[in-house]
Amino acid sequence: MRKLRKRVALLAIGLLVLQGTALVDKLKADNTITGIIMINGSPTDGNAALFKKGAHSVIDPSGIPILAEFETPDWSPDKAQEWAAGQITQFGPKIQGVYAANDGTGGGAIAALKAAAFTPMPPVTGQDAELAAIQRIVAGDQYMTVYKAIKLEAEKAAELTHALAQGDTLTGDTDVDGTPSTLLTPVVVTVDNIMETVVKDGFYTVDEICTSTYAEACTAAGIK
């Protein structure tokens, strides 16, 4: 069990390295590095601490200042929005990037930015590839999300469950600290690769993404 917990920790940290890397790379490419705010997950969720550690492992060495940081109670988008609104009032245009630990908190931050008529919209991260997040990415409100191929995860979980039920010894494609493992690679999704990721995998259809509200943005992004 200890090995399994360690394996999960390693995967969680690796996942959030994607978010931190995507945000840092974007800010450096745009030469907008005056500061970011960080909206972490729930302080009572052990996974949130791992996500935070993974993000800090990339952001801290980048030299980009962290203006403020928040642990979001219960992963609440409303709490994230409320906190972000206060930081917008305090820091204004110094906020040039928003690290949000998942799509829900990212959506809360975006709501606060829009309510403040914040221009230009800074890159905002996310995780989980929620439909609303994909639509925000299409619209240019959210920069990225992390997509985990759920179909592949479910198929592998079913395969392992069957093997356990048959009393078989579990095997994997690799080994993580002595634990046989099959590691599925999470993917950064931006407006440039929606068709090649969530649409190609059948996670969402174009019709689901490109409702009337987002039809024009979809056309501009080549999502059809």
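Which residues does Trp-83 touch, not counting residues up to four places away in sequence?

With contact taken as heavy atoms within 4.5 Å, Trp-83 touches Ile-37, Met-38, Ile-39, Ala-68, Glu-69 and Phe-70. This is a predicted model, in which local features need pLDDT of at least 70 and side-chain atom pairs count only at pLDDT 80 or more, while totals for chains, interfaces and linings use all residues. Residues are numbered from 1 along each chain as its sequence is written, and side-chain values use heavy atoms, with hydrogens and water left out.

A nonpolar core is a set of buried Ala, Val, Leu, Ile, Met, Phe, Trp, Tyr and Cys residues joined through side-chain atoms within 4.5 Å, where buried means under 20% relative accessible area, exposed over 50%, and partly exposed in between (1.4 Å probe, protein chains only). The largest such core has 18 residues, of which Ile-39, Trp-83, Ile-88, Ile-95, Val-98, Leu-113 and Val-124 touch the most other members. Strand 1, strand 2, helix 3, strand 3 (98-100) and helix 4 each give two or more residues to this core, and helix 3 supplies the largest share, 5 residues. Another core, of 15 residues, lies apart from it and includes Tyr-147, Val-189, Tyr-204 and Ile-209.

## Backbone features in loops

Helices (H or I, at least four residues) and strands (E, at least two) are DSSP runs, numbered from the N terminus. In the loop between helix 1 (2-30) and strand 1 (36-40), Asn-31 has a positive phi of about 55 degrees although it is not a glycine, and Asn-31 is exposed at a relative accessible area of 63%.

A cis peptide bond, with omega about -5 degrees, joins Thr-119 to Pro-120, and Pro-120 is placed in the loop between helix 4 (103-115) and helix 5 (131-139).
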